[in-house]
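Trainee: I want to check the terms against the values. Can we go through them one at a time?

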Amino acid sequence: MSEEHIKVLLAKKKIDVHGRGSKLIARELRDAGMEVVYFRFGVAEEIAEAALQEDVDVVAVSIMTSGQMQIARELVPALKKRGMDQVLVIMGGIIPEVDFEPLRELGVHRSFPPGLPGGVVADYIRENAGTVTLV
């Protein structure tokens, strides 16, 4: 999907009101030629509904205050329930590396630690959007 238009929903879980990291990644993805819908924050059902309404290729969830496992447990089924089983789901932020594999098992395609250059995330999205299915 590298040459096609890629649309990304960037969200945070409810009560996770951080903003700096997610705004930085939003700008990096925009500068990489992607359309970014900045959702601010919501519960998994709200994020999935926004993803459906915006017809996105990627759902990116920024995490700072924990709760990544619960969001993944709820978000992936909510996306599948809406027929969005080919959307790329990624997470980033303050996520312990020990959670990366369990998140993958829940259907999150990749988790990113803080501090990576935004180009790393953009490259991953370009290489994988449109090629995945939710498990």
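Mentor: Start with α2. Its buried residues pack against β1, β2 (35-42), β3 and α3. This is a predicted model, where local features need pLDDT of at least 70, side-chain atom pairs count only at pLDDT 80 or more, and totals for chains, interfaces and linings use all residues. Residues are numbered from 1 along each chain as its sequence is written, and side-chain values use heavy atoms, with hydrogens and water left out.

Trainee: Which residues of α2 are called buried?

Mentor: Ala44, Ile47, Ala48, Ala50 and Ala51. Buried means under 20% relative accessible area, exposed over 50%, partly exposed in between (1.4 Å probe, protein chains only).

Trainee: What makes β3 mostly covered?

Mentor: 6 of its 6 residues are buried. Val58, Ala60 and Ser62 cover one side, and Val59, Val61 and Ile63 the other; both faces of β3 are covered. In a regular strand, side chains alternate between the two faces of the sheet.

Trainee: How do you know that β3 and β4 pair?

Mentor: Two strands pair if DSSP finds at least two bridges between them. β3 and β4 have 6, in the parallel sense. Val61 stands opposite Met91 in β4. The chain crosses from β3 through α3 to β4, and this β-α-β crossover is right-handed. That means that, with the strands pointing away from the viewer, the path from the first strand over the helix to the second runs clockwise.

Trainee: And how many bridges join β1 to β3?

Mentor: 5, and the two run parallel. Leu9 has Val59 in β3 as its bridge partner.

Trainee: What is meant by a nonpolar core?

Mentor: A set of buried Ala, Val, Leu, Ile, Met, Phe, Trp, Tyr and Cys residues joined through side-chain atoms within 4.5 Å. The largest one has 27 residues; Val59, Leu75, Leu79, Val87 and Met91 touch the most other members. Its largest share, 7 residues, comes from α3.

Trainee: What is Leu79 in contact with, leaving aside its neighbours within four places in sequence?

Mentor: Ala48, Ala51, Val59, Met84, Val87, Val89 and Leu134. Contact means heavy atoms within 4.5 Å.

Conventions
Helices (H or I, at least four residues) and strands (E, at least two) are DSSP runs, numbered from the N terminus.
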